[in-house]
Amino acid sequence: MAQNDEFIREVDEEYRRDQLAKVWERYNGIIIAVVVLIVAGVGGWRFWEYRQQNLAQEAAVRYEEALRLSSEDKGQEAQGAFENVMKQDSGTGYAMLARFRLAAELGKQNAENGASAYDALANDSAVPALWKDLARVRAAWLRLDTAEPAALRQAIEPLAAPTNAWRHSARELLGLSGLKAGDMDYAGRWFDQIAADRETPSALRQRLAVYTALVAGGPVQVTQ
């Protein structure tokens, strides 16, 4: 019985080898082409990954240099450096970071210019929704002293919703707009929401003590 089993296995293996030889003879050109394509594809993917990594590293260096210029209050040079990142690194995340930082640099020189740069980010369809909301908040901060309260509130109130990532900044901004307008009820409502939110940052809670004191004091009476 054992010899019979061995013989059957040998015959079976010989049959498979024969079939494989026939397949190879018939399709060897196609098989070789497929193998070449697979090898080329893997090689191309590896090269693309390597190239992307190098581009990201180069972008990081340029972005860090722009940040350094900004920290040294070299406004014009920093603006040029951020613009350079935007032009050369459009395929990396650093380009978007550079756009935000450029808007901030412009805002240091002229609040409305900076706000307009943030508006452009908020209206850019290529910018993710999360970062569009951030741009709207940043623009509103720059316009806090100049914008009509109604216009500012219309733009920012939706961002103060409990699920919005930027709700803390939006609520603080709305509360301050109420203080500036002498509308203590409106200001107090937003400061109350800040106080009630368990996720309110500690630094904002510290400022909240000042804000609530101002609300309690009521509108400032201007005497002639």
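Colleague: Which residues of the largest nonpolar core touch the most other members?

Modeller: In this predicted model, that core has 21 residues, and those touching the most other members are L152, I156, L173, L174, L179, F191 and Y211. Helices α5, α6, α7, α8 and α9 each give two or more residues to this core. The largest share, six residues, comes from α8.

Colleague: What is L179 in contact with, leaving aside its neighbours within four places in sequence?

Modeller: L179 contacts M184, A187, F191, Y211, L214 and V215. Each is counted because it has heavy atoms within 4.5 Å of L179. There is also a second, separate core of eleven residues, with A115, A117, Y118 and A139 among them.

Colleague: How do you know that the buried residues of α6 are on the same side of the helix?

Modeller: The buried residues in α6, residues 149-156, include L152, R153 and I156. They cover an arc of only 95° around the axis, and therefore lie on the same side of α6. A150 and Q154, on the other side, are exposed. The buried residues of α6 pack against α5, α7 and α8.

Colleague: What makes R153 and Y186 a case of a charge over a ring?

Modeller: The charged end of R153 is 3.7 Å from the centre of the Y186 ring. The cut-off for the distance is 6 Å, and the charge must also be within 35 degrees of the ring normal. R153 is listed as sitting over the ring of Y186.

Colleague: Why is the contact between R167 and D197 called a salt bridge?

Modeller: Their N to O distance is 2.8 Å, and the limit is 4 Å, so the pair qualifies. R167 is in helix α7 and D197 in the loop between α8 and α9, 30 residues apart. R167 has a relative accessible area of 9% and D197 one of 13%; buried means under 20%, so both count as buried. D197 also forms a salt bridge with R171, at 2.9 Å. That pair again links the loop between α8 and α9 to helix α7, 26 residues apart, and both residues are buried.

Colleague: How many salt bridges does the count come to?

Modeller: The count comes to 14. E65, R68, E72 and K74 are linked in a network of salt bridges.

Colleague: Why is the pair of F100 and Y118 called tilted?

Modeller: Five aromatic pairs are found in the whole structure. For F100 and Y118, the ring centres are 6.1 Å apart and the planes are at 55°. Stacked needs under 30 degrees and edge-to-face over 60, so this pair is tilted. F100 is in helix α3 and Y118 in helix α4, 18 residues apart. F100 counts as buried at 9% relative accessibility, as does Y118 at 3%.

Colleague: What makes the pair of W131 and W166 tilted?

Modeller: Their planes are at 50°, with centres 5.9 Å apart, so this pair is tilted too. W131 is in helix α5 and W166 in the loop between α6 and α7. At 33% relative accessible area, W131 is partly exposed. F100, Y118, W131 and W166 form one aromatic cluster.

Note on methods
Residues numbered from 1 in each chain as written. Predicted model: local features only at pLDDT ≥ 70, side-chain atom pairs only at ≥ 80, totals over all residues. Heavy atoms only, no water. Salt bridge = Lys/Arg side-chain N within 4 Å of Asp/Glu carboxyl O. Helix = DSSP H or I, 4+ residues; strand = E, 2+ residues; numbered from the N terminus. Buried < 20%, exposed > 50% of the residue type's maximum accessible area, 1.4 Å probe, protein only. Arc of directions from axis to C-beta. Core = buried A, V, L, I, M, F, W, Y, C linked by side-chain atoms within 4.5 Å. Phe/Tyr/Trp six-rings, centres within 6.5 Å; stacked < 30°, edge-to-face > 60°.
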